[in-house]
Amino acid sequence: MATKSGKPAPKKSASKKPASKKPSAKTVEHKTNAEELLGYYREMLLIRRFEEKAGQLYGMGQIAGFCHLYIGQEAVVIGCQAAMEDGDQMITGYRDHGHMLACGMESRGVMAELTGREGGYSRGKGGSMHMFSTDKKFYGGHGIVGAQVPIGAGIGFANKYLNNGAVSLAFFGDGASNQGQVYETFNMAKLWDLPVVFVIENNQYAMGTSVERSSAETELYKRGSSFEIDGIQVDGMNILEVRDAAAKAIKHARSGKGPMILEMKTYRYRGHSMSDPAKYRSRDEVTKTRTERDPIDAVRKQLLDKKWADEDELKAIDKEIKAIVADAAEFAQNSPEPDPSELWTDVLLEA
Ligand SMILES: Cc1ncc(C[n+]2csc(CCOP(=O)(O)OP(=O)(O)O)c2C)c(N)n1
Ligand SMILES: [Mg+2]
C-alpha cells in the first residue's frame with residue numbers, strides 16, 4: 001500500500017504476543033502428590049454423585065423445572081478451583097451445581113434449592129439455575145445463555161477498580177461462545193486489561209447442535225485473536241492439565257496483563273437437560289468417551305498406579321461421599337416448602 005507521499009507504507013510489525021496455542025504433543029509433566037490428588041478425586045466424586053442423585057430426584061418428581069447436569073465435566077471446575085486463590089470469583093450459566101460445590105457451597109443448601117424448599121440457597125425460589133453465594137464468591141447461576149460473560153468481566157472491572165488483587169473466572173459453553181455479547185466483552189476486557197479468565201467449557205454440543213454444525217471456527221481457544229487475547233486449548237478431562245493451564249491464565253490476569261481464554265475440551269454424558277432424549281448423538285459416542293476419557297476414572301487409576309491409595313481407601317471415600325449426598329437429599333426432601341410470604345422477599349430492595 002502507498003502513503004499520500006507516494007512512499008511505500010512501513011510494514012506493520014508483527015505482534016510480539018505469543019499466538020494462542022494448543023498443548024504440544026509431547027507429554028508435559030504435571031506435578032502432584034498423594035494428598036492433592038486424593039483431594040481432587042474426592043471433590044470430583046462429590047459432584048458426580050450429587051448430580052446422579054439430582055437426576056434420581058428429578059425422575060421421582062421431587063425436582064421440577066429446568067435441571068442441567070454436569071456429569072462428565074467435573075475436572076474443569078475442580079481443576080480451575082484448585083488454581084484459584086482466596087477472594088477469586090466464579091460465575092457460570094445454568095449448568096451450575098458443580099461450580100457451587102467446587103466453591104464450597106453446602107450440598108444440603110444446593111439440593112434443597114433444587115427441590116424448591118425453604119432450606120435452599122434461594123429459599124426455594126430460584127431452583128437449579130439461580131443460586132448465589134457472595135460469601136463463597138459464587139456469582140450464579142444464569143439462565144440466559146452467555147449473560148454471565150459480561151457480568152464476569154464486570155466483576156473483573158470491580159476487582160481492578162477496588163484494586164483487591166482478585167481474578168474473576170467466567171465459565172460458558174461452546175454454544176454461548178458464538179454470541180455477540182461475548183465479543184463485546186472480549187473487546188472491553190482487553191481494552192482495560194481486566195483481571196478475568198474466560199473458561200469455555202467445550203462439551204461439543206449446544207442443546208442438540210454440535211460445534212461442527214454451528215461454528216465456522218471450531219478451535220474455540222482462538223476466538224480472542226481479534227482482541228489480542230491469548231487462548232490455550234486444554235484437555236478438560238485431565239484435572240492436572242486443567243489446573244496448570246488455569247494457574248497460568250489466572251497469574252497472567254492477576255499480574256495486570258489482562259484476560260486469557262481457556263478452551264476446555266470436555267463432554268457431557270447426560271442430555272442437555274433432563275428433558276433431552278439426546279437423539280443427535282450415538283450411544284457409542286457417549287460410551288466411548290465414558291470408558292476412554294472419564295476424568296474421575298483417570299485420577300483413580302493414577303492413585304492406584306502410584307500406590308497413593310488402595311482399593312479399600314477409595315471405597316471408603318466413595319462411601320463417605322455417598323453419605324454426604326444421601327444426607328443432602330434427605331434434607332432437601334424434608335425441608336418445608338417456602339412460606340407464601342416469601343413471594344415478597346428479595347424481589348425489590350426496600351428504600
Ligand atoms: C439467550 C438464550 N438463547 C437461547 C437459550 C436456550 N438455550 C439454553 S441452553 C442452550 C445451549 C447452550 O449451549 P452451550 O453454550 O454449549 O452450553 P452447554 O449447555 O453445553 O453447557 C440454549 C440455546 C437461552 N437460555 N438463552
Ligand atoms: Mg456446550
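The secondary structure of this chain comes to 11 helices and 7 strands. Keep in mind as you look around that the model is predicted. How compact is the chain? Its radius of gyration is 21 Å, close to the 20 Å that the globule rule gives for 351 residues, so the chain is as compact as a globular protein of that length. Along its principal axes, the C-alpha trace spans about 80 × 60 × 45 Å.

**How the chain packs**

Now step inside. Of the 351 residues, 45% are buried. Take the contacts between residues at least 6 apart in sequence: 76% of them join residues at least 24 apart.

The largest nonpolar core has 82 residues, and the members that touch the most others are A170, V197, V199 and L262. Which helix gives the most to this core? That is helix α1, covering residues 34-59, with 9 residues.

Leaving out residues up to four places away in sequence, V199 touches C80, L169, A170, F171, L262 and M264. Two of these partners, A170 and L262, were named above among the residues that touch the most other core members.

**Around the ligand**

Ligand 1 is surrounded by 14 residues, and the closest are V145, G173, G175, A176 and A206. By class, this shell has 6 nonpolar, 5 polar and 3 charged residues.

**How confident is the prediction?**

The average pLDDT of the chain is 93, and 91% of the residues score at least 70.

| Part of the chain | Residues | pLDDT |
|---|---|---|
| Strand β3, highest mean among the elements | 196-202 | 99 |
| Helix α9, lowest mean among the elements | 283-293 | 96 |
| Stretch | 1-7 | below 50 |
| Stretch | 9-15 | below 50 |

What contacts do these two stretches have in the model? Beyond near neighbours in sequence, residues 1-7 have 4 contacts, and residues 9-15 have 3 contacts.

Note on methods
Residues are numbered from 1 along each chain as its sequence is written. Chains are lettered from A and ligands numbered from 1 in the order in which they are written. This is a predicted model: local features need pLDDT of at least 70, side-chain atom pairs count only at pLDDT 80 or more; totals for chains, interfaces and linings use all residues. A nonpolar core is a set of buried Ala, Val, Leu, Ile, Met, Phe, Trp, Tyr and Cys residues joined through C-beta atoms within 7 Å. A residue is buried if 20 or more other C-beta atoms lie within 10 Å of its own, exposed if 12 or fewer, and partly exposed in between; C-beta atoms are placed from the backbone. Helices (H or I, at least four residues) and strands (E, at least two) are DSSP runs, numbered from the N terminus. Two residues are in contact if their C-beta atoms, placed from the backbone, lie within 7 Å. The radius of gyration is taken over C-alpha atoms; the globule rule is 2.2 Å times the number of residues to the power 0.38. A residue is near a molecule or strand if its C-beta atom, placed from the backbone, lies within 6 Å of it. Ala, Val, Leu, Ile, Met, Phe, Trp, Tyr, Cys and Pro count as nonpolar, Asp, Glu, Lys and Arg as charged, and the others, Gly among them, as polar. pLDDT is the predictor's confidence in each residue, from 0 to 100.
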